[in-house]
Amino acid sequence: MKKYPSDLEIAQAAKKEPIFDIANKLDIDGEGLIPFGNDKAKITYDYIDKIKSNENGNLILVTAISPTPAGEGKTTTSVGLVDGLCHIGKKAMICLREPSLGPCFGMKGGAAGGGYAQVIPMTDINLHFTGDFHAIGAAHNLLSAVVDNHIHWENQLDIDPRRITWKRVVDMNDRALRDITTGLGGPGNGIPRQGGFDITVASEIMAVFCLADDLDDLQKRIGNIVIGYTRKKEPVKVSQLNAQGAMTALLRDAFQPNLVQTLENNPALMHGGPFANIA
């Protein structure tokens, strides 16, 4: 029986084009890119502002596909579609979510496609990529620290420690952290309370990160997030803690979309990565 190469072997054997050549296919000049090596880059705010008045193209949404045992799902279908469109002479690109480290090291595996329908550099994309998820995790956990610090110092908003809905996050499958007790170790370590960790891609920060139009909109959406309730059962928003500005600052670079390529050297955007595949 013929032995087919693995996804990793296919990706490693790929002939990548320089990321500036990929950008040229989208009429993005060098000043519109922040390169991360030769095969990935971020698209700058200045370039995005410059093309806002351009006429919109056509959008094809690939969703609600249950993958086959061979791994054919939303990502492989999307990659195959954009490669096919480019092959017949259409000017096309793909937009995907970024993979999460948790599933990458779990049973699911990576999320950069499979077989000959992949985006590359596959290993970089599946691991730390350009650091976007780390920034999202830092912004989320900054808010967690602000909440606990507010309660520790007089608690002017009268936040009920029993009704805090905002957990911490880590981009890993770690069931031991799902439900924990924080604030142990004496008065200097805060108020003991029940807490826990979600996976980073399930964070509400991730959701608003992908829905926001620009940094101002992102800051506004973050400010409207509810972190818990007072003892009178009234909702407490991030804006009441005045944390939305600092959180947005942590997300400033991550908010710029990433440009990579398919195995057939067609442009691919990757941005954000919440569960439910909102990209």
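Predicted model: local features only at pLDDT ≥ 70, side-chain atom pairs only at ≥ 80, totals over all residues.

Colleague: Good to know. Which residues go into which domain?

Modeller: Domain 1 takes in 7–130 + 256–270, and domain 2 covers 132–251. Their C-alpha centres lie 31 Å apart.

Colleague: And how many residues are in contact between domain 1 and domain 2?

Modeller: On the domain 1 side there are 14, and they are in contact with 10 residues of domain 2. The area buried between the two domains is about 920 Å², with carbon and sulfur atoms giving 50% of that.

Colleague: Which residues of domain 1 lose the most area to domain 2?

Modeller: Those are Glu-98, Ser-100 and Leu-101, which together make up 38% of what the domain 1 side buries.

Colleague: What about salt bridges between domain 1 and domain 2, how many are there?

Modeller: The count between the two domains is 1. Lys-42 forms a salt bridge with Asp-132, and the closest N and O atoms of this pair are 3.0 Å apart. There are also 7 residue pairs in polar contact across the interface of domain 1 and domain 2.

Colleague: Which element gives the largest share of the side of domain 1 that touches domain 2?

Modeller: Helix α5, residues 101–104, with 3 residues. By class, the side of domain 1 that touches domain 2 has 5 nonpolar, 6 polar and 3 charged residues.

Colleague: Let's zoom out. How many salt bridges does the structure hold?

Modeller: It holds 15. One of them pairs Lys-50 with Asp-29, where the closest N and O atoms are 3.8 Å apart. That pair links distant parts of the chain: Lys-50 is in helix α3 (residues 45–50), while Asp-29 is in the loop between α2 and β1, 21 residues apart.

Colleague: New topic, strands! In which sense do β6 and β11 pair?

Modeller: Antiparallel, over 2 bridges, with β6 spanning residues 159–164 and β11 spanning 226–230. Ile-159 stands opposite Thr-230 in β11.

Colleague: And how many bridges join β11 to β12?

Modeller: There are 3, and those two strands run antiparallel as well, β12 being residues 235–237. Here Gly-228 stands opposite Val-236 in β12. β11 and β12 form a hairpin with 4 residues between them, and Lys-233 in the turn has a positive phi of about 65°.

How values were computed:
Residues numbered from 1 in each chain as written. Heavy atoms only, no water. Domains from an automatic or database assignment. Contact = heavy atoms within 4.5 Å. Buried area = accessible area lost by both parts, 1.4 Å probe. Salt bridge = Lys/Arg side-chain N within 4 Å of Asp/Glu carboxyl O. Polar contact = N/O pair within 3.5 Å; in protein donor to acceptor, adjacent residues only side chain to side chain. Nonpolar A, V, L, I, M, F, W, Y, C, P; charged D, E, K, R; others polar. Pairing = 2+ DSSP bridges.
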